[in-house]
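Subject: Handover of a structure and the findings on it

Dear colleague,

Please find the structure below, followed by an account of what was found in it. I would ask you to keep the model open while reading.

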Amino acid sequence: VLGMALAPLLNPLLLAILSCACAYRIPALPPHNVARCRGTCMALQQDLEERMRAAMKAGDKATLSTMRMVVAAVTTKSKESGAALSDADALSVLAKLAKMRKESIGMFEAGGKMEAAAKEREELKIIEAYLPTLAGEAVVKGWIDEAIVAACGDEPPDKTKMGAVMSKLMMMHKGEFDAKEASRWVTEALR
C-alpha cells in the first residue's frame with residue numbers, strides 16, 4: 001500500500017535523476033559481461049561480432065545464422081572460463097566448430113541428406129575464413145619424420161611408438177595441421 005502511494009512521486013524523481021545523469025554525462029552502467037571484458041576483449045572476438053552485425057544489416061541469413069552460432073560458442077566459452085578469451089582460445093573454439101561441421105558433412109552425405117550437407121559446407125566455409133591455413137601434406141610428412149626421430153631416438157620406429165610420435169608432433173606444431181590426416185600418415189610412416 002505504501003508503494004502505491006509513493007509511485008506517483010517516485011517516477012518524477014527517477015526522471016529527474018536520469019536527466020541530471022545525462023546533463024553531466026555520467027555513463028550508464030554496461031551489462032555485466034561487457035564490463036568484465038571492457039578494454040581486454042581480443043580482436044578476433046570483436047571481428048566475429050562485427051561480421052555478425054554486417055550480415056544482419058545486409059540481410060544475409062546464411063552468414064548471420066553461422067555468425068550467431070560462432071559468437072554464441074565463443075561467448076559460452078568465455079563465460080565458462082570466467083574471463084575474456086584470447087585469440088588463441090577463440091581460434092580453438094572455431095577449430096572445434098569446424099571439426100564438428102566436417103563430421104556432420106560426412107554423416108549427412110552417408111545418410112543421403114545432400115541439402116543438409118550443403119548447408120554445413122557453407123557454415124564450414126565461413127568458419128574456416130577465420131582459421132589459419134593448414135600445412136600441406138609434404139610439410140606435415142617432413143614434420144612427422146622429425147617427430148619420429150625425436151620420439152624414437154636410436155630405436156627402430158614401429159607402431160608401438162605411435163602415441164609418442166603424435167605427442168611430439170602435436171607439441172611442436174599443434175593447430176598447424178589436420179590431426180586426423182597426420183595420424184594416418186604417422187601410421188604409414190611407422191610400418
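Predicted model: local features only at pLDDT ≥ 70, side-chain atom pairs only at ≥ 80, totals over all residues.

Is Ala 117 buried or exposed? Ala 117 is buried, because its relative accessible area is 0%; buried means under 20% relative accessible area, exposed over 50%, and partly exposed in between, with a 1.4 Å probe and protein chains only.

Residues are numbered from 1 along each chain as its sequence is written, and side-chain values use heavy atoms, with hydrogens and water left out.

The protein as a whole

The secondary structure comes to nine helices and zero strands. Here helices (H or I, at least four residues) and strands (E, at least two) are DSSP runs, numbered from the N terminus. Along the sequence the pattern therefore reads α-α-α-α-α-α-α-α-α. The protein has 191 residues, of which 25% are buried. Among contacts (heavy atoms within 4.5 Å) with a separation of 6 or more, 59% are between residues 24 or more positions apart.

Helices α5 and α6

Two packed helices are described by the angle between their axes and the distance between the axes. The axes are lines fitted to C-alpha atoms, for helices over the stretch in contact, and the angles run from 0 to 180 degrees between N-to-C directions. Helix α5 covers residues 87-110 and helix α6 residues 114-128; their axes come within 9 Å and cross at roughly 160°. That angle makes α5 roughly antiparallel to α6: angles under 35 degrees count as roughly parallel, over 145 as roughly antiparallel, 65 to 115 as roughly perpendicular and the rest as oblique. The crossing of α5 and α6 is left-handed. A crossing has this name if the near helix is turned anticlockwise from the far one by less than a right angle, and is right-handed if clockwise.

The residues that meet here include Leu 97, Ile 105 and Phe 108 in α5 and Ala 117, Leu 124 and Ile 127 in α6. By class, the contact of α5 with α6 has 10 nonpolar, one polar and seven charged residues. Ala, Val, Leu, Ile, Met, Phe, Trp, Tyr, Cys and Pro count as nonpolar, Asp, Glu, Lys and Arg as charged, and the others, Gly among them, as polar.

Ala 117, with which this message began, lies in α6. Apart from neighbours within four places in sequence, Ala 117 is in contact with Ile 105, Phe 108 and Glu 109. Ala 116 and Ile 105 are 11 residues apart along the chain, and their C-alpha atoms are separated by 7.8 Å.

Helix α7 and its two partners

Helix α7 (residues 137-152) packs with helix α9 (residues 179-189) at an angle of about 55°, and the axes are 10 Å apart. That makes α7 oblique to α9, and the crossing is right-handed. Among the residues that meet are Val 140 and Ile 144 in α7 and Trp 185 and Val 186 in α9. The contact of α7 with α9 holds seven nonpolar, no polar and three charged residues.

With α8, the axis of α7 crosses at roughly 120°, and the two axes come within 8 Å. α7 is therefore oblique to α8, and this crossing too is right-handed. The contact includes Trp 143, Ala 147 and Ala 151 of α7 and Ala 164, Leu 169 and Met 172 of α8. It divides into 11 nonpolar, one polar and two charged residues.

Ala 164 belongs to helix α8, which covers residues 162-173. Ala 164 counts as partly exposed, because its relative accessibility is 36%. The C-alpha atoms of Ala 164 and Ala 151 are 5.8 Å apart, although 13 residues separate them along the chain.

Yours sincerely,
A colleague
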